[in-house]
Amino acid sequence: MDQEKIKKDWDSRGYSFGIFKDPPGQVWADFVHRTDELVVLAEGEIEIEIEGNSEQPPIGEEVFIPANAVHTVRNVGKTNNVWYYGYKNT
């Protein structure tokens, strides 16, 4: 994954850029943000549940989480994962 390329792309689209590194079994449950969010898995495995619909995106696939949507992110793999997230600048 080209972290800098994603960061520049998101910046040009008006999104911030951050990195999470989670151990196996980490769950970020039932979050709601007032702004749109983007997520891209860089390493490992991840499950993203948005408003009750779950998906396990492959490395490099961008996932869009709309503002005010209840969502959960889980490390479903057996190793640490790394994922990028960005919030729409308001």
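The protein exposes about 5,300 Å², and carbon and sulfur atoms supply 47% of it. Accessible areas come from the Shrake-Rupley method with a 1.4 Å probe; for residues, only the protein chains shown count as cover. This is a predicted model: local features need pLDDT of at least 70, side-chain atom pairs count only at pLDDT 80 or more, and totals for chains, interfaces and linings use all residues. Residues are numbered from 1 along each chain as its sequence is written, and side-chain values use heavy atoms, with hydrogens and water left out.

**Overall form**

The protein has 90 residues, and a compact globule of that length would have a radius of gyration near 12 Å; the value here is 12 Å, which agrees. That radius is taken over C-alpha atoms, and the globule rule is 2.2 Å times the number of residues to the power 0.38. The C-alpha atoms fill a box of roughly 35 × 30 × 15 Å along the principal axes. Of the 90 residues, 37% count as buried (under 20% relative accessible area; exposed is over 50%, partly exposed in between; 1.4 Å probe, protein chains only). Contact means heavy atoms within 4.5 Å. Among contacts with a separation of 6 or more, 72% link residues 24 or more positions apart.

**Elements and sheets**

There are one helix and eight strands, in the pattern α-β-β-β-β-β-β-β-β along the sequence. Helices (H or I, at least four residues) and strands (E, at least two) are DSSP runs, numbered from the N terminus. Two strands pair if DSSP finds at least two bridges between them.

| Strand pair | Bridges |
|---|---|
| S3 (residues 37-43) and S8 (residues 81-87) | Six |
| S2 (residues 27-31) and S7 (residues 71-74) | Three |
| S4 (residues 47-50) and S7 | Four |

In S7, Val 73 is the bridge partner of Trp 28. Val 73 also stands opposite Ile 48. His 71 in S7 stands opposite Phe 31. In S8, Val 82 stands opposite Glu 43.

**Cores**

A nonpolar core is a set of buried Ala, Val, Leu, Ile, Met, Phe, Trp, Tyr and Cys residues joined through side-chain atoms within 4.5 Å. The largest has eleven residues, including Val 39, Ile 48, Ala 69, Val 73 and Trp 83. S3, S4, S6 and S8 each give two or more residues to this core. A second, separate core has eight residues, among them Ile 6, Tyr 15, Val 82 and Tyr 84.

Ala 69 touches Phe 31, Val 32, Ile 50 and Glu 51, not counting residues up to four places away in sequence.
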